[in-house]
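Hello,

Here is the structure I promised to pass on. Please open it and keep it beside you while you read my notes below.

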Amino acid sequence: MEVQFSNSLKQIIDGNIKTEEKRVKMQLGKLILFGILAGMFIACGASASSVAMHNISNVGLARFVGGLIFPVGLMMIVLVGGELFTGDCLIILGLLDKKYNILQAVKVLVVVFVTNLVGSVMLAFFVYESGQWNYTDNLLGAYTIKVALGKTGLGATNAIFSGILCNIFVCMAVLMAAAAKEVTGKIFAMFFPIMAFVVSGYEHCVANMYYIPAGLIAKQNEAYTAKAMEAYNLTQAQIDSLNIKTFFVNNLLFVTIGNIIGGMVFVGLIYYIVSREKNTAK
């Protein structure tokens, strides 16, 4: 099957602006449900990638394997429906084109952010109750704690710049998927950028809405904390440092700022300017 792509950058940007107009006009109830679903879908990819990665000691190999699986979340959102905060940062395109005002755009982003969080936390609870973290003699539960601690241990600068890099990949995946004319092309267009950001270890705020709450839930299980101390030489003090405050203040705040900058400035703003430039070549 031939994979066909549109050759017009302007057509891609204009198509996205029309999508953003529909998003701004979407009924609140529908926006909420789509936001919850998107949070759950990203969490599904994160959960599955953790299963694949948790017993691989080589970091590069583990991230590569995780990168092969994680993109399924964005694929479900783009192909079937969902509202993802990081991708919705492209709402700046319609704002620059004066299709709606800043209050309308902010309302969409706030609703989507909160509902993504709800969906992600729900999925983390479902995964815990499924018993999945018992895999490999509780090592997956221990790994879940370790991942969450690593994310809350990032400094502000690292979190912001990692967030910028992440959402460049995510928003490019969304635009590339829009450039493809059929499902096969859309899947390929999304797969490689998302795989690249996962392999690179960059920070995605919605994925972290799963990873860190999952760690918070896992640390309540004595078997998982004991395994984390045994397998990763974590201390009780380190595990205790994983809490709601470090989730929001140490990670989510700065990663979200980075994701906004990456999506709005380095993708949305730049591509809007380029797509609006008049071709003066003779």
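Tyr224 is buried, at 1% relative accessibility (buried means under 20% relative accessible area, exposed over 50%, partly exposed in between, with a 1.4 Å probe and protein chains only). Please bear in mind that this is a predicted model, where local features need pLDDT of at least 70, side-chain atom pairs count only at pLDDT 80 or more, and totals for chains, interfaces and linings use all residues. Residues are numbered from 1 along each chain as its sequence is written, and side-chain values use heavy atoms, with hydrogens and water left out.

The rings of Trp133 and Tyr224 form an edge-to-face pair, with centres 6.4 Å apart and planes at 75°. (Rings of Phe, Tyr and Trp, the last by its six-membered ring, pair if their centres lie within 6.5 Å; planes under 30 degrees apart count as stacked, over 60 as edge-to-face and the rest as tilted.) Trp133 is also buried, with a relative accessible area of 1%. Tyr128, by contrast, is partly exposed at 26%. Ring pairs join Tyr128, Trp133 and Tyr224 into a cluster.

Trp133 turns up again in the largest nonpolar core: among its 71 residues, Phe70, Phe85, Ile91, Trp133, Ile194 and Tyr210 touch the most other members. Such a core is a set of buried Ala, Val, Leu, Ile, Met, Phe, Trp, Tyr and Cys residues joined through side-chain atoms within 4.5 Å. Helix H11 (residues 205-218) contributes the most to this core, 11 residues (helices are DSSP runs of H or I, at least four residues, numbered from the N terminus).

Enjoy exploring!

Technical notes: Helices (H or I, at least four residues) and strands (E, at least two) are DSSP runs, numbered from the N terminus.
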